[in-house]
Structure formats: C-alpha cells, structure tokens
Amino acid sequence: MKDIAVEYNSMDFATKGMIEIIVSGRDIEELFQELKQRGYEPTMNSDYEFKCKVDRVILDELGERF
C-alpha cells in the first residue's frame, strides 16, 4: 500500500472550477509526475508534500485510488 494522503477544502466544490489539493506522504513522486504529464502544474512544498489545482474528475479519480 502506498503512503499517500490527499487533502482538499470541500468549499472549493461550490465556489471554484478547480480544486486545490495537498498531497503528502512518502510515495508522492509518481503521482507528482503523473499530474505533470496530464497537464497540471503541481508545486513541491517539501520532500513529502505538494499542492496542485485539479478539476473534479481528477479529484474523484484520486479518491478511488487513494
């Protein structure tokens, strides 16, 4: 099992088209690269955390995976 947590502000659903997520854990590098390849712009906060704005479809997909 991968060490990944995805956090977001649920208020973003009602007010924004894009939702800012914070991804943390030891196994985030693969997801960081995947989001870059899909056209998103993740930004590293530290070795074990990054943030990125994604749409609802991606957030739902991440919810199923993690």
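1. F32 is buried, its relative accessible area being 9%, where buried stands for under 20% relative accessible area, exposed for over 50% and partly exposed for the range in between, with a 1.4 Å probe and protein chains only. The model is a predicted one, in which local features need pLDDT of at least 70 and side-chain atom pairs count only at pLDDT 80 or more, while totals for chains, interfaces and linings use all residues. Residues are numbered from 1 along each chain as its sequence is written, and side-chain values use heavy atoms, with hydrogens and water left out.

2. On the aromatic side, the structure holds one aromatic pair. The ring centres of F32 and F50 are 5.2 Å apart and the planes stand at 80 degrees, so the pair counts as edge-to-face. Distant parts of the chain are linked by this pair, with F32 in helix 2 and F50 in strand 4 (residues 49-54), 18 residues apart. The criterion takes rings of Phe, Tyr and Trp (its six-membered ring) as paired if their centres lie within 6.5 Å, and planes under 30 degrees apart count as stacked, over 60 as edge-to-face and the rest as tilted. F50 is buried as well, with a relative accessible area of 0%.

3. As to the overall fold, the chain has three helices and four strands, and from the N terminus on these elements follow the order β-α-β-α-β-β-α. Helices (H or I, at least four residues) and strands (E, at least two) are DSSP runs, numbered from the N terminus.

4. For the dimensions, a compact globule of 66 residues would have a radius of gyration near 11 Å, and the chain agrees with this at 11 Å; the radius is taken over C-alpha atoms, and the globule rule is 2.2 Å times the number of residues to the power 0.38. Along the principal axes, the C-alpha atoms fill a box of roughly 30 × 20 × 20 Å. Of the 66 residues, 30% count as buried.

5. The accessible surface of the chain is about 4600 Å², and 46% of it belongs to carbon and sulfur atoms; such areas come from the Shrake-Rupley method with a 1.4 Å probe, and for residues only the protein chains shown count as cover. The chain has 9 positive and 15 negative side chains, with the centres of the two sets 2 Å apart. In this count Lys and Arg are positive and Asp and Glu negative, while His and the chain ends are not counted, and the place of a charge is NZ of Lys, CZ of Arg, CG of Asp or CD of Glu.

6. Among contacts between residues at least 6 apart in sequence, 41% join residues at least 24 apart, contact being defined as heavy atoms within 4.5 Å. L31, in helix 2 (residues 29-37), is buried with a relative accessible area of 2%. Residues up to four places away in sequence not counted, L31 touches V23, F50, L62 and F66.

7. S24 belongs to strand 2 (residues 19-24) and counts as buried at 17% relative accessibility. Not counting residues up to four places away in sequence, S24 touches D3, I4, A5, E7, Y48 and E49. R26 sits in the loop between strand 2 and helix 2 and counts as exposed at 66% relative accessibility. With neighbours within four places in sequence left aside, R26 is in contact with D3 and Y48, and its C-alpha atom is separated by 6.7 Å from that of I4, 22 residues apart along the chain.

8. D55 lies in the loop between strand 4 and helix 3 (56-65) and counts as partly exposed at 25% relative accessibility. Apart from residues up to four places away in sequence, D55 touches G17, M18 and Y40. D55 and P42 are 13 residues apart in sequence and 13 Å apart in space, C-alpha to C-alpha.
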